[in-house]
Amino acid sequence: MLALRPNCECCDRDLPPESGEAMICTFECTFCAQCVRTVLHGVCPNCGGGFMHRPVRPAAMLAEYPASTKRIVKAEGCGPAQAARGNP
């Protein structure tokens, strides 16, 4: 089950469970659509994979299966995914 992380790892923007702006990779790294487009250029800086819109969990299911409250922010900043792709 998806963790539904609460924020963008790049800019720390809030991404509540119902947000249509949340993007995830196959490892559930979570970023806002703006950072994916303008900073990351569609490539996850953590794993080198692509992104897709994060599904929205129905409100009725959030009570039983709540979203994560753990915020993750890249301490080293957020830039194009050169390291994940193996580029210097």
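This is a predicted model: local features need pLDDT of at least 70, side-chain atom pairs count only at pLDDT 80 or more; totals for chains, interfaces and linings use all residues.
1. A polar contact here is a pair of N or O atoms within 3.5 Å; within protein, one of them must be able to donate a hydrogen and the other to accept it, and residues adjacent in sequence count only if both atoms are side-chain atoms.

2. Residues are numbered from 1 along each chain as its sequence is written, and side-chain values use heavy atoms, with hydrogens and water left out.

3. Where does R71 sit? You will find R71 in the loop between α2 (59-62) and α3 (82-85); helices (H or I, at least four residues) and strands (E, at least two) are DSSP runs, numbered from the N terminus. R71 has a relative accessible area of 39%, so it counts as partly exposed; buried means under 20% relative accessible area, exposed over 50%, and partly exposed in between (1.4 Å probe, protein chains only). Apart from neighbours within four places in sequence, R71 is in contact (heavy atoms within 4.5 Å) with P6, N7, D12, R13 and D14. R71 and R5 are 66 residues apart in sequence, yet their C-alpha atoms are 6.9 Å apart in space.

4. How many salt bridges does the structure hold? There are 4 salt bridges, each being a side-chain nitrogen of Lys or Arg within 4 Å of a carboxyl oxygen of Asp or Glu. One of them pairs the side chains of R71 and D12, at 3.0 Å from N to O. D12 is in the segment before β1 and R71 in the loop between α2 and α3, so this pair ties together parts that are 59 residues apart in sequence.

5. R71 also forms a salt bridge with D14, with the closest N and O atoms 2.8 Å apart. D14 lies in the segment before β1, so this pair with R71 in the loop between α2 and α3 ties together parts 57 residues apart in sequence. Taken together, D12, D14 and R71 are linked in a network of salt bridges. D14 counts as exposed, at 51% relative accessibility, whereas D12 is partly exposed at 33%.

6. Another salt bridge is worth a look: the side chains of E76 and K74 meet at 3.0 Å, N to O.

7. In soluble globular proteins, nonpolar side chains tend to be buried together. Beyond neighbours within four places in sequence, C8 is in contact with R13, L15, T30, F31, C32, C35 and I72.

8. Do stop at S19, in the segment before β1. S19 is buried, at a relative accessible area of 11%. A polar atom of the S19 side chain lies 3.0 Å from the backbone nitrogen of E21. Setting aside neighbours within four places in sequence, S19 is in contact with R54 and V56.

9. Most residues other than glycine have a negative phi. L4, which is not a glycine, has a positive phi of about 55°; L4 lies in the segment before β1 and is buried, with a relative accessible area of 3%. D12 has a positive phi too, near 65°, and D12 is likewise found in the segment before β1.
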